[in-house]
Amino acid sequence: MTDKHFKLVNPETDKSVDIPLHEGSVGPAVLDIASLYKEHGVFTYDPGFGATASCKSSITYIDGEQGILLYRGYPVEQLAEKSSFIEVSYLLLHGELPTKEQLQRFNQQIVYHTMINESLLRFFHGFHYDAHPMAMLSSVVSSLSAFYHGSTNIHEPEDRDLFATRIIAKIPTIAAAAYKHSIGQPFIYPRNDLGYCENLLRMFFAVPAEEYEVDPVAAEALDLLFILHADHEQNASTSTVRLAGSAGTNPYAAIAAGIATLWGPAHGGANEAVLKMLDEIGSVENIDKYIAKAKDRNDPFRLMGFGHRVYKNYDPRAKIIREMCHKVLKKLGKEDDPQLELAMRLEEIALKDEYFVEKKLYPNVDFYSGIIYKALGIPVSMFTVMFAIARTVGWVAHWQEMISDPATRIGRPRQLYTGATRRDYVDLDKR
Ligand code: ACO
């Protein structure tokens with residue numbers, strides 16, 4: 001892989017350690033420390049994995065300094081303009097853009113698997129009406145492992161492909177069922193003559209009592225949001241899916257673990273948190289007060305939708321979503337949305353503020369996505385569910401890459417132990 005090396009010198013013993021350096025196709029090289037413990041008895045320490053590459057991957061590339069995001073080499077801006085979510089899904093899973101026939105076949109396979117077992121639908125009755133949809137989504141997706149356990153051999157490429165098709169096809173159906181359960185409406189079955197996002201909107205908003213026509217503007221906006229959310233290399237939820245999957249667990253259960261991770265407000269839960277924050281700020285006059293709160297180290301308040309572990313520049317997805325926000329709201333006749341105006345003023349003020357400039361805190365993908373979801377009629381509690389539907393494709397692509405790599409071993413980090421050293425047990429009556 002490489003013949004370059006780094007040399008680390010131990011000043012106490014003056015012994016030097018040779019560390020191989022591996023270079024990828026683009027981006028920072030990595031130090032291969034796999035034999036460091038075996039040969040030199042030390043671990044490396046990197047809480048939050050800020051400087052640790054956990055795997056090799058050829059799916060997605062991010063340059064956080066330049067604000068670049070590539071799926072299989074293609075800039076996300078080009079895919080957002082010219083592609084569709086289904087085509088991007090094929091690209092992420094298979095590595096190349098599909099031919100017309102391949103795309104048609106892939107789409108047909110997804111459509112064919114959109115229905116879920118009726119018994120699975122009954123799971124929703126076990127949840128109170130106000131259960132958070134992310135809790136329902138992760139539980140019900142995890143339950144899929146019970147339906148497809150014996151039949152899913154992760155060492156069989158055909159079974160892996162079937163798992164990929166099933167989960168991508170069924171997750172909108174499960175998400176819509178969670179929504180219908182939360183508002184007490186009957187479940188709407190999927191329709192095979194509709195596109196992925198059209199079908200999703202229909203399952204969300206149709207009722208059996210009347211005809212429902214999907215708004216093409218809404219379907220197009222959702223498709224674009226899904227493209228932008230489809231993958232983001234080794235983020236917290238994807239790393240969770242890989243880690244769970246590395247133990248050889250049922251892949252539906254691994255995806256459920258990813259959904260649980262995405263729910264966190266520091267990750268995918270931020271789109272929901274942004275709208276709640278905008279509600280709390282209320283009006284433009286209060287922005288300065290909240291900016292001051294965000295800067296105050298003693299105040300836990302953070303500007304939601306701002307900052308990113310990797311992007312130290314404008315998140316390229318946020319740029320696209322910001323533009324799209326105006327177009328979609330205009331087309332839907334909602335361009336005077338006061339929350340959009342508030343978000344734009346907040347962004348403008350934050351981007352000029354020394355604290356945000358110095359820390360390179362820019363709007364991330366979640367800053368504007370919630371405003372679009374809201375304009376499409378999606379309730380705030382469902383925002384992260386929407387993100388999970390799109391990100392399922394990325395999770396599956398990474399799970400496939402991990403499980404089919406012969407070098408994969410169970411993920412098992414080490415630690416720096418800081419607890420008590422060995423001591424003897426003291427009987428209860430002597431404590
Ligand atoms: N508001 C105010 N200050 C912030 C913010 C923010 N949104 N984000 C980071 N900072 C500050 C931190 O307090 C820290 O300051 P310090 O150096 O004085 O201690 C510094 O900027 C660096 O931030 P970290 O938290 O160390 O950066 P990290 O990479 O660990 O966290 C994260 C990134 C979680 C995204 C963070 O920026 C954040 O909490 N943002 C708000 C939540 C959010 O929008 N999450 C969505 C991320 S995108 C996604 O997952 C889809």
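This is a predicted model: local features need pLDDT of at least 70, side-chain atom pairs count only at pLDDT 80 or more; totals for chains, interfaces and linings use all residues.
**Notebook: loop residues and helix pairs**

Residues are numbered from 1 along each chain as its sequence is written, and side-chain values use heavy atoms, with hydrogens and water left out.

Leaving aside neighbours within four places in sequence, I listed Thr-60, Ile-62, Leu-69, His-308, Tyr-311, Arg-317 and Arg-391 in contact with His-232, contact meaning heavy atoms within 4.5 Å. With Tyr-311 there is also a polar contact, side chain to side chain, at 2.7 Å; the term covers a pair of N or O atoms within 3.5 Å, where within protein one must be able to donate a hydrogen and the other to accept it, and residues adjacent in sequence count only if both atoms are side-chain atoms.

I then turned to Glu-233, which lies in the loop between H9 and H10 (236-246) and has a positive phi of about 35 degrees although it is not a glycine. At 22% relative accessibility, Glu-233 counts as partly exposed.

I found Asp-14 in the loop between strand S1 (4-9) and strand S2 (16-22), and its 62% relative accessibility makes it exposed.

Asp-337, in the loop between H14 and helix H15 (338-352), is buried, with a relative accessible area of 12%. Its side chain reaches the backbone nitrogen of Gln-339 at 2.8 Å, and, leaving aside neighbours within four places in sequence, Asp-337 is in contact with Leu-329, Ile-371 and Lys-374. I also noted that Asp-337 and His-326 are 11 residues apart in sequence and 9.9 Å apart in space, C-alpha to C-alpha.

**Helix pairs**

I looked up H14 (residues 316-331) and H17 (residues 366-375), whose axes come within 9 Å and cross at roughly 25 degrees; axes are lines fitted to C-alpha atoms, for helices over the stretch in contact, and angles run from 0 to 180 degrees between N-to-C directions. H14 and H17 are therefore roughly parallel to each other, given that angles under 35 degrees count as roughly parallel, over 145 as roughly antiparallel, 65 to 115 as roughly perpendicular and the rest as oblique. The residues in contact include Ile-321, Met-324 and Leu-329 of H14, and Ile-371 and Ala-375 of H17. By class, I recorded 10 nonpolar, one polar and one charged residues for this contact.

For H8 (residues 196-205) and H9 (residues 216-229), the axes come within 8 Å and cross at roughly 115 degrees, which makes H8 roughly perpendicular to H9. Among the residues making the contact I noted Tyr-196, Leu-200 and Leu-201 of H8, with Leu-222 and Phe-226 of H9.

Key
Helices (H or I, at least four residues) and strands (E, at least two) are DSSP runs, numbered from the N terminus. Buried means under 20% relative accessible area, exposed over 50%, partly exposed in between (1.4 Å probe, protein chains only). Ala, Val, Leu, Ile, Met, Phe, Trp, Tyr, Cys and Pro count as nonpolar, Asp, Glu, Lys and Arg as charged, and the others, Gly among them, as polar.
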